[in-house]
Amino acid sequence: MVVTPKRIFMDKVKAAAKVVGDKFFLSDADLQVLALALELKTKGYSPLVATDDYSIQNVANQMKIKFASLATFGIRFRLEWVRYCPACHRRYPPDYKFETCEVCGTRLKRKPVRKRLLKTNKEN
Ligand SMILES: [Zn+2]
């Protein structure tokens, strides 16, 4: 059986991904995993997303979905990203709609601007 998340959860995941600036780094499959996790969480289940993908972990953290790294340690910091043009150094907000620089057309890169220490995840 293929389970597809309800649209509303996909929208919420996309919104959360936008906040942390990871939207462009998540595939549709990634977004669906997160949306399903969010849907289950909303229904009172306790989903755990197991992934080594930092973008997924960031977004899961933003939505307070528990995640576990496949490696021994998960992320201990939440990174917030800024997008920038490597050619002309113009900066863009994480929710900037395009993947290329509006000035020179270079493909944008991103870098972390802030690290926030995560609280220890305790089981509720
Ligand atoms: Zn540029």
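Helices here are DSSP runs of H or I with at least four residues, numbered from the N terminus, and in that numbering Gly21, which comes just after H1, takes a positive phi of about 80°. The model is a predicted one, and what follows concerns its largest nonpolar core, which has 18 residues, together with the helices H1 (7-20), H2 (28-42) and H3 (54-62), each of which supplies at least two residues of that core.

**The nonpolar core**

- Among the 18 residues of the largest nonpolar core, those that touch the most other members are Val13, Leu34, Leu38, Val49, Val59 and Ala60.
- Helices H1, H2 and H3 each contribute at least two residues to this core, and the largest share, six residues, comes from H2.
- Leaving aside residues up to four places away in sequence, Val13 touches Leu31, Leu34, Ala35, Leu38 and Val59.

**Helix H1: length and faces**

- The 14 residues of H1 should span 20 Å at 1.5 Å a residue, and this agrees with its end C-alpha atoms, which are 20 Å apart.
- The buried residues of H1 are Phe9, Val13, Ala16 and Ala17, and because they fall within an arc of 100° when seen down the axis of H1, they line one face of the helix.
- An α-helix has 3.6 residues a turn, so residues three or four places apart point the same way.
- Arg7, Ile8 and Asp11 lie on the other side of H1, where they are exposed, whereas the buried residues of H1 are covered by elements that include H2 and H3.

**Helix H3: burial and the residue that follows**

- H3 is mostly covered, with seven of its nine residues buried, namely Ser55, Ile56, Gln57, Asn58, Val59, Ala60 and Asn61.
- After H3 comes Lys64, whose phi is positive and near 60°.

**How H1 packs against H3**

- Two packed helices are described by the angle between their axes and the distance between the axes.
- The axes of H1 and H3 come within 9 Å and cross at roughly 110°; since angles of 65 to 115 degrees count as roughly perpendicular, H1 is therefore roughly perpendicular to H3.
- On the H1 side, the contact is made by Val13, Ala16, Ala17, Val19 and Val20, and on the H3 side by Asn58, Val59 and Gln62.
- Val13 and Val59, which both take part in this contact, are also among the core residues that touch the most other members, and Val59 is one of the residues that Val13 touches.

Notes
Residues are numbered from 1 along each chain as its sequence is written. This is a predicted model: local features need pLDDT of at least 70, side-chain atom pairs count only at pLDDT 80 or more; totals for chains, interfaces and linings use all residues. A nonpolar core is a set of buried Ala, Val, Leu, Ile, Met, Phe, Trp, Tyr and Cys residues joined through C-beta atoms within 7 Å. A residue is buried if 20 or more other C-beta atoms lie within 10 Å of its own, exposed if 12 or fewer, and partly exposed in between; C-beta atoms are placed from the backbone. Two residues are in contact if their C-beta atoms, placed from the backbone, lie within 7 Å. The expected span of a helix is 1.5 Å times one less than its number of residues. The arc is that of the directions from the helix axis to the C-beta atoms. Axes are lines fitted to C-alpha atoms, for helices over the stretch in contact, and angles run from 0 to 180 degrees between N-to-C directions. Angles under 35 degrees count as roughly parallel, over 145 as roughly antiparallel, 65 to 115 as roughly perpendicular and the rest as oblique.
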